[in-house]
Amino acid sequence: RKDYPLSLLFATASGEYMASVNLAIKDAKGVSVLTVPSTGPICLIKLPDGSYTVEAQAMGKAKSQGVAVGGGPKAIDFSF
C-alpha cells in the first residue's frame, strides 16, 4: 500500500470485508478520472497529486469522500 498514493478499503457496517463496489473518482473540476468495479476489499490506485472526490456504491447505498493526493499515501475506508 505504501507504493500507491491512494488505497481504499470496503467493508460492511459489521466489519466484514466486501467486494463488488462500483467506484468513481472525479478531479477537482468534477471530471471523471476513473470508473471501475472493485473486485476486492482493497483497491490500490495511482493518481497524480491533486484533489479528488471518491464515490463508492454498494448494497444500494452511495458514499463519497474528498481526498488530497500528494505528500504520502492516503487511505479511505468505506463502510456500507
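The radius of gyration is taken over C-alpha atoms, and the globule rule sets 2.2 Å times the number of residues to the power 0.38. With 80 residues, that rule puts a compact globule near 12 Å; the protein chain has 12 Å, so the two agree. The model behind these values is predicted.

**Overall build**

The protein chain holds 7 strands and 0 helices. Read from the N terminus, the order of elements is β-β-β-β-β-β-β. Along the principal axes, the C-alpha atoms fill a box of roughly 30 × 25 × 15 Å. Of the contacts between residues at least 6 apart in sequence, 50% link residues at least 24 apart.

Buried residues account for 32% of the 80 residues. The accessible surface is about 4,700 Å², and carbon and sulfur atoms supply 52% of that surface. Charge comes as 8 positive and 6 negative side chains. The centres of these two sets lie 1 Å apart.

**Strand S2 and its partners**

Strand S2 spans residues 21–27 and runs antiparallel to strand S3, residues 32–38. The two are joined by 6 bridges. Their hairpin has 4 residues between the strands. Glycine 30 belongs to this hairpin and takes a positive phi near 85°.

S2 also pairs with strand S5, residues 50–58. That pairing is antiparallel too, over 6 bridges.

Alanine 24 stands opposite threonine 35 in S3. In S5, alanine 24 has glutamate 55 as its bridge partner. Asparagine 22 is bridged to proline 37 in S3.

**Glutamate 55**

Glutamate 55 sits in strand S5. Beyond residues up to four places away in sequence, glutamate 55 touches Asn22, Leu23, Ala24, Lys26, Lys63 and Ser64. Ala24 in that list is also the bridge partner of glutamate 55. Alanine 75 is 20 residues from glutamate 55 in sequence, and their C-alpha atoms are 14 Å apart in space.

**Loop residues**

Threonine 12 lies in the loop between strand S1 (6–11) and S2. Buried means under 20% relative accessible area. Threonine 12 has 15% relative accessibility, and therefore counts as buried. Which residues does threonine 12 contact, leaving aside neighbours within four places in sequence? They are Met18, Met59, Ser79 and Phe80.

Serine 20 is found in the loop between S1 and S2. Phi of serine 20 is near 55°, a positive value in a residue other than glycine. Methionine 59, a contact of threonine 12, is found in the loop between S5 and strand S6 (61–69). Its phi is likewise positive, near 55°. Most residues other than glycine have a negative phi.

Exposed means over 50% relative accessible area. Serine 20 has 63% relative accessibility, so serine 20 counts as exposed. Methionine 59 also counts as exposed, because its relative accessibility is 56%.

The accessibility values for the residues discussed are set out here.

| Residue | Relative accessibility | Class |
|---|---|---|
| Threonine 12 | 15% | buried |
| Serine 20 | 63% | exposed |
| Methionine 59 | 56% | exposed |

Key. Residues numbered from 1 in each chain as written. Predicted model: local features only at pLDDT ≥ 70, side-chain atom pairs only at ≥ 80, totals over all residues. Heavy atoms only, no water. Pairing = 2+ DSSP bridges. Buried < 20%, exposed > 50% of the residue type's maximum accessible area, 1.4 Å probe, protein only. Contact = heavy atoms within 4.5 Å. Areas by Shrake-Rupley, 256 points an atom, 1.4 Å probe, with all protein chains shown as cover. Lys, Arg positive; Asp, Glu negative; His and termini not counted. Charge placed at Lys NZ, Arg CZ, Asp CG, Glu CD.
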